[in-house]
Amino acid sequence: MNPETLLYAESHEWLHAEDDAVGKVATIGISAFAIEELADIVFINLPDVGTEVNAGQEFGEIESVKAVSDLYAPVSGEIIEVNSSLPDNLETLNQSAYVEGWMIKIRMRDESELAKLMDFAAYQKQCEQ
Amino acid sequence: MSEPSRTALTSYHESVGARLVDFAGWQMPIQYESIMQEHQATRTAVGLFDISHMGRIDFQGSDAASFLETVVTRRVCELSPGLVRYSLICNEEGGILDDVLIYRYDDGDEVPVQLVVNASNRDKILRWLEDHKTNEDVTWTDQTLQTCMIAVQGPRAIEQVSPLLDQLDPGRLKYYTAMPTNVMGQSGLISRTGYTGEDGMEITVANSLGPDVWNVLVESAAKVNGGPSGLGARDTLRLEAAMPLYGHELTESLTPFDVGLGFAVQFARHEFIGKAKLKDAKDRPSRHRIGLRILGKRPAREHYPVLNDELTIGEVTSGTLSPTLQYPIAMASVEGPCPENGARVAVDVRGSQIEAVVTELPFYRRPTT
């Protein structure tokens with residue numbers, strides 16, 4: 001996945017939306033910038049498939065040596081897939097934040113929520129501040 | 001809030017892109033690259049730590065030692081020159097105001113005693129000393145802003161320090177002793193002390209010399225796969241070694257006996273603030289400091305409740321994933337009878353209970369040489 005074509009939330013999650021037969025499915029992870037900021041990630045807690053989330057609601061937690069951070073769903077919907085190999089292979093996050101490092105897939109409830117997210121340029125600007 | 005203070009080495013930290021944080025009013029490096037790597041480098045080779053934020057108070061006058069022992073929980077007058085000792089400063093109630101190191105020098109020295117206090121408590125302790133000043137021949141000066149303090153820690157620490165000294169073979173300095181000596185040709189202070197659980201030294205020099213000493217150490221440490229380490233690694237290192245940290249394991253509402261530091265309290269042959277209350281507290285501590293090995297991968301953090309049979313018995317005071325042991329470890333403060341080593345308890349991690357095993361402290365002991 002090319003980071004320049006993804007959408008971003010203020011809380012550093014990236015999102016890639018794709019159409020399938022039923023509607024839009026969003027793949028979600030966290031940005032390489034966030035991973036570098038967290039540094040030394042030691043634990044990640046991801047939700048179960050079937051969990052319903054609302055945009056802005058926490059879907060999991062990520063912990064570094066120093067701190068605990070929540071992961072926030074950028075859009076609303078049902079979690080239909082979870083990257084279950086990630087918790088046991090945390091180095092994947094450093095190696096491949098945008099491909100192998102994906103966390104969850106959400107079947108979106110409201111496509112208009114995508115318009116509230118940032119594009120790459122806007123997100124980069126946020127990170128530089 | 002005023003601007004955070006800078007150490008003599010802050011420019012260095014900035015120049016190499018360290019992540020800086022405001023710590024107790026100081027701009028300090030939390031990490032240069034990775035806490036894990038800096039931790040491992042200190043355990044296996046050598047870590048260099050800027051600890052200039054620690055408070056350094058020099059005492060002058062013929063009554064310096066006898067004054068100081070009215071304030072700290074151990075005898076100072078009968079300490080042999082050259083010795084460094086861990087001690088506590090308590091209030092009248094026996095609550096811990098700070099944990100400190102006392103450095104004792106020859107009576108002939110200009111500075112017979114030095115105190116090193118926590119950065120977060122420096123102002124408080126300076127006020128406390130002022131409030132308890134007597135008419136004896138004693139004065140003190142806060143040298144913190146004028147001096148630079150560097151900790152060199154790890155199995156390869158001593159050999160790094162050696163080239164800096166021309167009057168002293170650092171290997172001959174015994175554990176927990178100190179000596180004024182030339183460092184790169186200028187007056188300084190060396191002690192065989194540290195806060196990592198490793199062998200090592202702490203060096204104090206004038207600010208003007210600090211960057212030179214640091215640069216020499218950085219260069220030589222790099223040759224043995226060591227280097228600068230931040231406060232992040234300092235914290236995980238001290239936690240593995242079960243060394244308490246003020247504000248976490250130690251607070252004003254706890255006595256030394258509540259946290260397993262009774263060894264630092266001497267009742268005989270000196271009067272000190274808090275003595276009467278501490279005598280009462282000695283045999284019936286209200287709490288215990290325990291070690292926990294958390295089962296699973298998830299670290300327990302400060303303030304997470306500790307439960308025994310569904311009943312909250314205390315809380316975690318420090319917790320992390322142990323970089324050396326590769327499992328989560330924590331220290332906790334619990335009420336009631338002290339749980340036996342091996343006993344199972346639970347830690348409430350953000351709403352879910354995780355099993356933990358009460359474990360002997362320290363979690364890590366350096367291999368004996």
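Which residues lie nearest the centre of the second largest pocket? I opened the notebook with this point, working throughout from a predicted model.

**Entry 1. The second largest pocket**

I found that B:Asp58, B:Val111, B:Gln114, B:Gly188 and B:Leu189 lie nearest the centre. The lining comprises 18 residues, and the pocket holds about 450 Å³ of space. I then looked up which elements give two or more residues to this lining: they are strand S4 (55–60), strand S11 (186–191) and strand S12 (200–206), each in chain B. By residue class, I recorded six nonpolar, eight polar and four charged residues in the lining.

**Entry 2. The sheet that contains S4 of chain B**

I followed S4(B) into its sheet. Five strands of chain B make up this open sheet, in the order S5-S6-S7-S4-S8, and their pairing is antiparallel. At the edges I noted strand S5 (84–90) and strand S8 (139–142), each of which pairs on one side only. From one strand to the next, the twist averages 30°.

I examined the pairing of S4(B) with strand S7 (residues 113–117) of chain B in particular. Five bridges join the two strands, which run antiparallel. Across this pairing, B:Val116 in S7(B) stands opposite B:Arg56.

**Entry 3. The sheet that contains S11 and S12 of chain B**

I next traced the sheet with the order S10-S11-S12-S9-S3-S13 in chain B. This sheet is open, has six strands and shows mixed pairing. Its edge strands are S10 and strand S13 (227–228), and each of them pairs on one side only.

How many bridges pair strand S10 (residues 178–183) of chain B with S11(B)? I recorded six, in the antiparallel sense. Two of the facing pairs were looked up. B:Leu189, one of the residues nearest the centre of the second largest pocket, is the bridge partner of B:Pro180. B:Ser187 in S11(B) stands opposite B:Asn182.

I also inspected the turn. S10(B) and S11(B) form a hairpin with two residues between them, and B:Met184 in that turn has a positive phi of about 50°.

**Entry 4. Backbone geometry elsewhere**

I noted a cis peptide bond between B:Leu361 and B:Pro362, with omega of about 0°. B:Pro362 belongs to the segment after strand S19 (352–359) of chain B.

A:His12 sits in the loop between strand S1 (7–8) and strand S2 (13–19) of chain A.

**Entry 5. A:Gly23**

I placed A:Gly23 in the loop between S2 and strand S3 (24–30) of chain A. Leaving aside residues up to four places away in sequence, A:Gly23 touches A:Glu18 and A:Arg107.

**Entry 6. A:Asp70 and chain B**

Which side chain makes a polar contact with the side chain of A:Asp70? I found that of B:Arg350, at 3.0 Å. A:Asp70 itself belongs to strand S7 (residues 68–72) of chain A. Not counting residues up to four places away in sequence, A:Asp70 touches A:Glu13, A:Glu58, A:Gly60 and A:Glu61 as well as B:Arg350.

Note on methods. Residues are numbered from 1 along each chain as its sequence is written. Chains are lettered from A and ligands numbered from 1 in the order in which they are written. This is a predicted model: local features need pLDDT of at least 70, side-chain atom pairs count only at pLDDT 80 or more; totals for chains, interfaces and linings use all residues. Side-chain values use heavy atoms; hydrogens and water are left out. Helices (H or I, at least four residues) and strands (E, at least two) are DSSP runs, numbered from the N terminus. A polar contact is a pair of N or O atoms within 3.5 Å; within protein, one must be able to donate a hydrogen and the other to accept it, and residues adjacent in sequence count only if both atoms are side-chain atoms. Contact means heavy atoms within 4.5 Å. On a 1 Å grid over the protein atoms alone, a cavity is a set of points where a 1.4 Å probe fits but cannot get out, and a pocket is an open set with protein on both sides within 12 Å along at least five of seven lines; lining residues have an atom within 4 Å of a point. Grid points are joined across faces, edges and corners, and a volume is the space filled by probe spheres set on the points. Ala, Val, Leu, Ile, Met, Phe, Trp, Tyr, Cys and Pro count as nonpolar, Asp, Glu, Lys and Arg as charged, and the others, Gly among them, as polar. Two strands pair if DSSP finds at least two bridges between them. Axes are lines fitted to C-alpha atoms, for helices over the stretch in contact, and angles run from 0 to 180 degrees between N-to-C directions.
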